[in-house]
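Open the model in your viewer and keep the selection panel at hand. We will go from stop to stop, and at each one you select a few residues and look.

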Amino acid sequence: MNSRNIGGCFAAALSLAACGGEGGREDEGGEAGFPTATITATATAGSATEGEDADASATQGSATMGSATMGTATTVDPDDTGSSVYFDVGSPDGGADCSGMMGDGDTHSYIWIANSSQGTVSKINTETLVEEGRYRVRPDSAGNPSRTSVALSGNVAVANRAGGVVKIYTNTDECQESNGMPGIQTSTGAADILAWGVEECVAWYTPFDYQTQRPLAWAQGTINDATCQWENEKLWTSGRYGAGNADVLLLDGETGVVEATAVVPSVIGWAGLYGGAVDSEGNFWSVDHNWDGPSTLVRVERATMAVSTWPVTGSVHYGLAVDPQGRAWLCGNGGVSRFDPITATWTHSPPINGGSALGGCMTDDQGTLWHSPYPTAAMYGFDTETLAITHQIPIPAYCHGVSIDFDGNVWGVQFGGSDAYRIDPVTQTVDTVTGLVGAYTYSDMTGFALSSVGVPSG
């Protein structure tokens, strides 16, 4: 790892303190090895308008889904040799030394990029730029995946626009025997895509029959000091049947079973809720992207499933992020907007690029929000306090998805193309990964965003 290793945000998370899509209208486009059972999960979800407490009047929401069976993950010893970040969360009575868990080359030195038109996801090493695995994300390979999210444990989840969520183990040591063949069968690269039910690094798959299912974001778990394993991780997603209400679902990260459901009423726009991110308390943030009018910012509380909403002021926005200070960001229309949930106020940057309404964004731990405004072939940096432009780095093509890796590099995923770019914000060097198929990812594809916001105070 280079001298800009920023895994220190994870150290802060362990000490319970935080550090510091689609262009135009997108297409919506026999489960061997993973038997499913139909279940129904229902929870009471409050709703609140702007300025109200989140424990307002209750509504009921439910969704039908299947749950996959899987083995119990094995315990993996942390690799203490590859990280330049050290911290000790072991117990004074001889508990394990959990240092070096983030960005150690085994769990968080990867970016996961969806190959939407191929129905797969690519696992790319952020240090070597080598693609180390490519996986189907739905039994029929027709899910049209668009969002990936990496947990604090390093494992990834992928949501399909056409319905269904899958979890994939990052470390092959955790992959489970499930296909009856000796050894562990798993992909080794882009040309080695195993059949559904043969691939054994798929942890679970939960089918959904939503018309549209886009947002996906892991919530924090708790660290087991004795084993250095993350436990009780949860996963947020959202789906919708036709126009109107949208479901927000909280899944058990170990099993994929839906534990609670909230209903967000009167969601505007053709795609339902759009992006997904979490804050330090594990609350879910999203936005109902609307091409033709005002949008709404949404928060669902992890503890109560209560729903709060705020109208988005200014122009239509697109990208979504939550920074270490708990502020929500929307990006697009040639600029960025910051929302402070404490004061319920918006701050907007001046528009650039003629106000095009596309582009993802993410904050780093240096006080910069990164955004690639459509259709510019450049990565912009915005000061998170003043909203002034601090960087404008040329890249080979417009990038729709934006993420940060644990060495401080900024990544951009070419919209619907074959390339992804790794950008060093200091030297402005740009490296290219190619060979993707209909690339599209608009979410926390490295896990850095989740690590940077910290863990729940309780």
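**Before you start**

This is a predicted model, in which local features need pLDDT of at least 70, side-chain atom pairs count only at pLDDT 80 or more, and totals for chains, interfaces and linings use all residues. Residues are numbered from 1 along each chain as its sequence is written, and side-chain values use heavy atoms, with hydrogens and water left out.

**Stop 1: confidence**

Colour the chain by pLDDT, the predictor's confidence in each residue, from 0 to 100. The chain has a mean pLDDT of 81. Of its residues, 74% reach 70 or more. Now select residues 1-94, where pLDDT stays under 50. The model has 261 contacts beyond four places in sequence for this stretch. A contact means heavy atoms within 4.5 Å.

**Stop 2: a hairpin**

Strands here are DSSP runs (E, at least two residues), numbered from the N terminus. Two strands pair if DSSP finds at least two bridges between them. Select residues 145-150, strand β6. How many of its residues are buried? The count is 6 of 6. Buried means under 20% relative accessible area, exposed means over 50%, and partly exposed is in between (1.4 Å probe, protein chains only).

Find S149; A157 in β7 stands opposite. The two strands form a hairpin with 5 residues between them. In the turn, G154 has a positive phi of about 95°.

**Stop 3**

Strands of a sheet pair through backbone hydrogen bonds, either parallel or antiparallel. Next, show β20, β21, β22 and β23, which form an open sheet in that order, with antiparallel pairing. β20 (319-322) and β23 (345-348) stand at the edges with a single partner strand each, so one side of each has no neighbour in the sheet. On average, neighbouring strands of this sheet are turned by 20° against each other, direction ignored. For such angles, axes are lines fitted to C-alpha atoms, and the angles run from 0 to 180 degrees between N-to-C directions.

Zoom in on β20. Both of its faces are covered: G319 and A321 on one side, L320 and V322 on the other, are all buried. β20 joins β21 through 4 antiparallel bridges. The bridge partner of G319 in β21 is C331. In the hairpin of β20 and β21, G326 takes a positive phi near 85°.

Move to β21 (residues 328-332) and β22 (residues 335-340), joined by 5 bridges. Here L330 stands opposite S337 in β22.

**Stop 4: the cores**

A nonpolar core is a set of buried Ala, Val, Leu, Ile, Met, Phe, Trp, Tyr and Cys residues joined through side-chain atoms within 4.5 Å. The largest one has 52 residues. Select W112, V166, I168, L235, W236 and V300, which have the most contacts inside it. Another core, of 20 residues, lies apart from it; A271, W285, L297 and L320 are among its members.

Centre on V300. Beyond four places in sequence, its contacts include W236, F284 and M305.

**Stop 5: salt bridges**

The whole structure has 9 salt bridges. Each is a side-chain nitrogen of Lys or Arg within 4 Å of a carboxyl oxygen of Asp or Glu.

- Select R134 and E131: their closest N and O atoms are 2.7 Å apart, and both residues are buried.
- Select E254 and K167: the N to O distance is 3.9 Å. This pair links parts of the chain 87 residues apart. E254 is partly exposed at 39% relative accessibility, whereas K167 is buried at 2%.
- Select K234 and E259: they meet at 2.9 Å, N to O. K234 lies in β13 and E259 in β15, so the pair ties together parts 25 residues apart in sequence.

**Stop 6**

Return to M305, which is not a glycine but has a positive phi of about 65°. M305 sits in the loop between β18 and β19 and is buried, at 3% relative accessible area.

Jump to Q428, also not a glycine, with phi near 65°. Q428 is in the loop between β30 and β31 and is partly exposed at 39%.

Finish at Y374 and P375. A cis peptide bond joins them, with omega about 0°. P375 lies in the loop between β25 and β26.
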